[in-house]
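Here are some notes for a colleague opening this structure for the first time. Please keep the view beside you while reading.

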Amino acid sequence: MSIVVQGVTKLYGEQKALNNISFEVKTGEIVGFIGPNGAGKSTMMKIITGFITASSGQILVNDLEVGTDNLEVRKEIGYLPENNPLYPEMYVREYLGFVASIYNTGVSKKKLIDNIIELTGLIPEQKKKIGSLSKGYRQRVGLAQALIHNPGVLILDEATTGLDPNQIVEIRNLIKEAGKEKTVMLSTHIMQEVEAICDRVIIIDKGIIVANEEKSKIYSVIKRPKQVIHVEFENDIKEALLLEIANVSTVRQIKKNTWLIEAEGDEDIRPLIFNFAVKNNLTVLSLQKQESNLEEVFRHLTKE
């Protein structure tokens with residue numbers, strides 16, 4: 001199973017929501033598809049699932065062309081849209097039975113419903129009306145309908161919206177498990193979620209892909225000093241003195257007695273800072289090396 005997007009453009013009048021987009025998501029890969037509001041994430045997902053058409057370009061899902069083989073494509077996809085449209089007057093089991101009946105899976109409907117209710121943690125709520133559920137449990141129902149026919153491709157738009165921290169961990173684990181055998185494309189605004197479960201990150205801004213890298217390499221797309229040290233002293237210190245520490249390039253005071261020290265070179269300068277503090281009769285309250293994170297990369301690539 002795979003998703004192949006080739007030169008996709010989407011126009012709304014004269015506005016380009018997507019501008020010549022190309023990327024691929026492979027089987028067994030979980031890809032985080034992230035960007036600011038209005039960047040084109042949901043539009044891209046709706047095109048992949050066949051809900052709207054591209055103005056130009058080609059999309060293949062498991063070697064089936066979206067548009068030409070639309071019904072066959074939809075059989076291969078499980079889709080959880082951002083607004084999670086459900087029927088609030090239907091009971092959970094009733095709704096999942098309705099969804100299961102749409103797909104000809106060769107598996108008994110009862111077995112499909114039982115399996116997916118257990119998988120998504122809906123057992124306590126299975127006999128309730130969807131409209132009476134909390135937002136978190138409604139999100140689980142949406143995820144259950146996306147998974148019930150065991151699709152090879154999962155398109156998840158804000159899958160953990162409205163979940164509490166414990167539920168988020170459970171759904172993340174579910175997505176990670178599904179990602180071992182399926183092609184998973186996940187859109188979210190939660191950077192920690194992408195760092196926790198995704199293998200690769202695609203960042204889109206103003207309809208254009210600005211980064212497409214393995215998670216371990218995404219941090220290298222921005223240039224930063226080799227070392228950024230956060231240090232807090234008990235007493236005040238002059239900036240000029242900090243600049244005398246070997247390999248230090250710049251220093252910046254972020255609050256009283258607290259500094260960000262940037263340095264070049266591969267040698268860890270924390271021992272040098274500590275020795276500097278001893279020499280100058282300074283008490284160090286905290287001394288931490290700051291690592292690059294996805295939020296920093298995201299802000300750098302999508303800022304105005």
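Which glycine takes a positive phi just after helix 4? Glycine 121 does, with a phi of about 70°. A caution before the points: this is a predicted model.

1. **The buried side of helix 4.** Start with helix 4, which spans residues 109-119. Its buried residues are Leu112, Ile113, Ile116 and Ile117. Part of their cover comes from helix 3 (92-102) and helix 5 (135-147). Now turn to the other side of helix 4. Lys110 and Glu118 are exposed there.

2. Lysine 110 has a partner, aspartate 114. Their side chains form a salt bridge, with N and O 2.7 Å apart. The two residues are 4 apart in helix 4, so about one helical turn separates them. Lysine 110 is exposed, at 56% relative accessible area. Aspartate 114 is partly exposed, at 28%. The pair also belongs to a network of salt bridges that links Arg93, Lys110 and Asp114.

3. **Glutamine 126.** Look next at the loop between helix 4 and helix 5, where glutamine 126 is placed. Is this residue buried or exposed? It counts as buried, because its relative accessibility is 16% and the cut-off for buried is under 20%. Its side chain makes a polar contact of 2.9 Å with the side chain of arginine 93. Arginine 93 is also a member of the salt-bridge network in point 2. The glutamine 126 side chain also reaches the backbone oxygen of isoleucine 123, at 3.3 Å. Leaving aside residues up to four places away in sequence, glutamine 126 touches Val92, Arg93 and Ile117. Ile117 is one of the buried residues of helix 4.

4. **Salt bridges across the sequence.** How many salt bridges does the structure hold? There are 11. One of them joins arginine 200 to glutamate 29, with the closest N and O atoms 2.8 Å apart. Arginine 200 lies in strand 9 (residues 200-205), and glutamate 29 lies in the loop between strand 2 (15-25) and strand 3 (30-34), so this pair ties together parts that are 171 residues apart in sequence. Both arginine 200 and glutamate 29 are buried.

5. Lysine 129 forms a salt bridge with glutamate 89. Here the closest N and O atoms are 3.4 Å apart. Lysine 129 is in the loop between helix 4 and helix 5, while glutamate 89 is in the loop between strand 6 (77-80) and helix 3, so the pair ties together parts that are 40 residues apart in sequence. Lysine 129 is partly exposed, with a relative accessible area of 31%. Glutamate 89 is exposed, at 57%.

6. **The largest pocket.** What is the volume of the largest pocket? It is about 780 Å³. The lining holds 29 residues. Nearest the centre are Phe51, Ile77, Tyr79, Tyr103 and Gln145. Helix 1 (41-48), helix 2 (70-76), strand 6, helix 3 and helix 5 each give two or more residues to the lining. Which element gives the largest share? Helix 3 does, with 4 residues. Helix 3 is also among the elements that cover the buried residues of helix 4.

7. Most residues other than glycine have a negative phi. Two residues deserve a look here. Asparagine 84 has a positive phi, near 45°. This asparagine is in the loop between strand 6 and helix 3. Asparagine 84 is buried, at 11% relative accessible area. Lysine 206 is not a glycine either, and its phi is positive at about 55°. Lysine 206 lies in the loop between strand 9 and strand 10 (208-214). It is partly exposed, with a relative accessible area of 48%.

Terms used: Residues are numbered from 1 along each chain as its sequence is written. This is a predicted model: local features need pLDDT of at least 70, side-chain atom pairs count only at pLDDT 80 or more; totals for chains, interfaces and linings use all residues. Side-chain values use heavy atoms; hydrogens and water are left out. Buried means under 20% relative accessible area, exposed over 50%, partly exposed in between (1.4 Å probe, protein chains only). Contact means heavy atoms within 4.5 Å. A polar contact is a pair of N or O atoms within 3.5 Å; within protein, one must be able to donate a hydrogen and the other to accept it, and residues adjacent in sequence count only if both atoms are side-chain atoms. A salt bridge is a side-chain nitrogen of Lys or Arg within 4 Å of a carboxyl oxygen of Asp or Glu. On a 1 Å grid over the protein atoms alone, a cavity is a set of points where a 1.4 Å probe fits but cannot get out, and a pocket is an open set with protein on both sides within 12 Å along at least five of seven lines; lining residues have an atom within 4 Å of a point. Grid points are joined across faces, edges and corners, and a volume is the space filled by probe spheres set on the points.
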